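Here is a short report for a reader meeting this chain for the first time. Please look over the sequence and the fold before reading on.

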Amino acid sequence: MDEPTAAVDRIVTRRTVLGGVGAVCLGSIAGCLDGDDASVPDPISIDDDQSCDQCTMVIGNHPGPAGQAHYEDPTEVVDDDRPAQFCSSLCAYAFTFDNEATAEPEGIHLTDYSTVDYTVSDDNGSTTISRHLEADDFENASALTLVTDSDVDGAMGASLIPFSDADNADAFQDEYGGDIYDHDDITQELIMSLM
């Protein structure tokens, strides 16, 4: 009776070991799949007097969403060792598309209008949305829903207004029109059609 008990113990031990190895392998695979967000550098605050790396406008002088793109070697796309910084979400996308043959960004951050206390106002016949440049005001673009071509302008006129909460994007679209896109659905053709 002791031998069968020992055999069962070995089987359980083998199953336990194989199960543990399988769990570790699955955990490793899951870690790789989730690795994109974990490897994206944190956003930075943008200085008011910083020039846009796409169009050279002074970022703090204009309304609407701003952006930044982080590269492993930023000197491949900008002259300094810093993230590329943009006056608008349009410029952020245009720059990354224009430079994709040179370098892929580790991550793109855009103003997240779900987390800031924003205002929409009428200035000189144009409806604009407020500017927010602190590090905490930005979110990884892959987590954002964007309202494009609404009645609300940004620095470059037509804009992509980003929200981390899709319900906020829907409410904004209900009030100001436009179309809803996820980050992965933004194409160079769409950006060019808005410029």
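## Overall fold

This is a predicted model. The chain has 195 residues. It contains four helices and nine strands. Along the sequence, these elements come in the order α-β-β-α-β-β-β-β-β-β-α-β-α.

## Burial, surface and contacts

Buried residues account for 39% of the chain. The accessible surface of the chain is about 10600 Å². Carbon and sulfur atoms hold 47% of that surface.

## Tyrosine 71

Tyrosine 71 sits in a loop. Buried or exposed? Tyrosine 71 counts as buried, because its relative accessibility is 6% and the cut-off for buried is under 20%.

Which residues does tyrosine 71 touch, leaving aside those up to four places away in sequence? The list is Val77, Ala84, Phe95, Thr96, Ala103, Glu104, Pro105 and Glu106. Glutamate 104 lies 33 residues from tyrosine 71 along the chain. Even so, the C-alpha atoms of the two are separated by 6.9 Å.

## A methionine patch

Three methionines form a nonpolar patch on the surface: Met156, Met192 and Met195. Together they have about 280 Å² of accessible area. One of them, Met192, belongs to helix 4, which covers residues 188-194.

Key. Residues are numbered from 1 along each chain as its sequence is written. This is a predicted model: local features need pLDDT of at least 70, side-chain atom pairs count only at pLDDT 80 or more; totals for chains, interfaces and linings use all residues. Side-chain values use heavy atoms; hydrogens and water are left out. Patches are made of residues with over 30% relative accessible area and no salt bridge: like charges are joined within 9 Å, nonpolar side chains (Val, Leu, Ile, Met, Phe, Trp, Tyr) within 5 Å. Accessible areas come from the Shrake-Rupley method with a 1.4 Å probe; for residues, only the protein chains shown count as cover. A salt bridge is a side-chain nitrogen of Lys or Arg within 4 Å of a carboxyl oxygen of Asp or Glu. Helices (H or I, at least four residues) and strands (E, at least two) are DSSP runs, numbered from the N terminus. Buried means under 20% relative accessible area, exposed over 50%, partly exposed in between (1.4 Å probe, protein chains only). Contact means heavy atoms within 4.5 Å.
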